[in-house]
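Please keep the sequence and the model at hand while reading.

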Amino acid sequence: MGEFRILDIKASVFESNDREAEILREELKRQGVFLLNLMSSPGAGKTTTLRQTIARLKDELRIAVMEADIDSDVDARAIAETGVKVIQLHTGGMCHLDAGMTRQGLVGLDVSGVDLAILENVGNLVCPAEFDTGASKNAMILSVPEGDDKPLKYPLMFSICDVILVNKTDVLQYFDFDLHAVRERVNKLNPKARVIPICARTGEGLDEWIQWLRDEVTAWRK
């Protein structure tokens with residue numbers, strides 16, 4: 001049989017994306033734009049948390065939002081009600097955004113004069129974790145009803161995030177959810193990650209989250 005070449009497509013795609021992500025991150029740094037990549041499972045509370053975040057920061061930071069979904073514009077409409085600039089990104093069936101898609105979104109959004117750009121990524125704990133978007137920081141939301149075993153089942157997601165928001169703490173009493181176990185599991189995967197319990201519906205714990213984000217944006221823009 002003749003000789004043939006074996007090409008690892010997946011590795012090649014990731015390497016190319018990582019290079020593009022680093023270039024994008026450097027460009028955003030020069031522009032003074034902090035890009036937050038917000039991830040979670042569907043229904044964990046990304047949009048509600050985002051609306052609460054915007055309400056607390058929009059008077060001190062110029063905020064713009066990219067809403068990524070396979071289809072629909074439900075979340076973009078919800079964010080538009082806050083008064084910040086927003087764009088809906090349809091992924092055409094893909095369950096994540098990569099650096100190239102994020103760049104397209106930023107161009108369409110026009111982040112000139114923006115302090116904080118937020119990408120609400122597609123609801124998924126697998127694909128979004130594999131692709132660097134060029135974000136300044138990665139954040140994710142784990143909701144109490146999902147269970148405290150998610151760091152064990154989806155270790156990559158928890159390994160790449162700088163902050164984990166444990167949402168829906170108002171229903172802790174109704175679920176077998178061990179917050180201490182979550183902290184320990186996250187710490188083993190990612191000792192530098194911050195775990196912040198919140199309830200986006202009631203506002204509980206949001207002050208700590210807002211201060212974290214405020215400090216990160218300030219440090220990025222120096």
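K168 is found in the loop that runs between β6 and α8, where helices (H or I, at least four residues) and strands (E, at least two) are DSSP runs numbered from the N terminus. This is a predicted model, in which local features need pLDDT of at least 70 and side-chain atom pairs count only at pLDDT 80 or more, whereas totals for chains, interfaces and linings use all residues. Residues are numbered from 1 along each chain as its sequence is written, and side-chain values use heavy atoms, with hydrogens and water left out.

Although K168 is not a glycine, its phi is positive, at about 70 degrees. With a relative accessible area of 27%, K168 is partly exposed; buried means under 20% relative accessible area, exposed over 50%, and partly exposed in between (1.4 Å probe, protein chains only). D110, another residue other than glycine, has a positive phi near 65 degrees; D110 sits in the loop between α4 (99–109) and β4 and counts as partly exposed at 41% relative accessibility. Most residues other than glycine have a negative phi.

## The chain as a whole

The chain has nine helices and seven strands. Its radius of gyration (taken over C-alpha atoms) is 18 Å, close to the 17 Å that the globule rule gives for 222 residues, so the chain is as compact as a globular protein of that length; the rule is 2.2 Å times the number of residues to the power 0.38. Along the principal axes, the C-alpha atoms fill a box of roughly 65 × 40 × 35 Å.

Buried residues make up 50% of the 222 residues. Among contacts (heavy atoms within 4.5 Å) with a separation of 6 or more, 75% come from residues 24 or more positions apart.

## Helix α8 and its cover

In α8 (residues 179–189), A181, V182 and V186 are buried. These residues cover an arc of only 130 degrees around the axis, which puts them on the same side of α8; the arc is that of the directions from the helix axis to the C-beta atoms. On the other side of α8, H180 and K188 are exposed. The cover over the buried residues of α8 includes β5, α6 (150–153), α7 (155–160), β6 and β7 (194–197).

At the start of α8, a side-chain oxygen of D178 comes to within 3.0 Å of the backbone nitrogen of H180.

## The nonpolar cores

A nonpolar core is a set of buried Ala, Val, Leu, Ile, Met, Phe, Trp, Tyr and Cys residues joined through side-chain atoms within 4.5 Å. The largest such core has 27 residues, of which L36, I63, V65, L116, W209 and L213 touch the most other members. At least two residues of this core come from each of β1 (34–40), α2 (46–57), β2 (63–69), β4 (116–120), β5 (137–143), β6 (163–167) and α9 (206–220), and α9 gives the largest share, seven residues. Another core, of 17 residues, lies apart from this one and includes L35, M66, V111 and A117.

Leaving aside neighbours within four places in sequence, I63 is in contact with I54, L57, K58, V84, K85, V114, L116 and I118.

## A buried loop residue

N121, in the loop between β4 and α5 (127–130), counts as buried at 1% relative accessibility. Not counting residues up to four places away in sequence, N121 touches N37, L38, M39, K46, A68, H96, L97, P128 and T133.

Notes
Polar contact = N/O pair within 3.5 Å; in protein donor to acceptor, adjacent residues only side chain to side chain.
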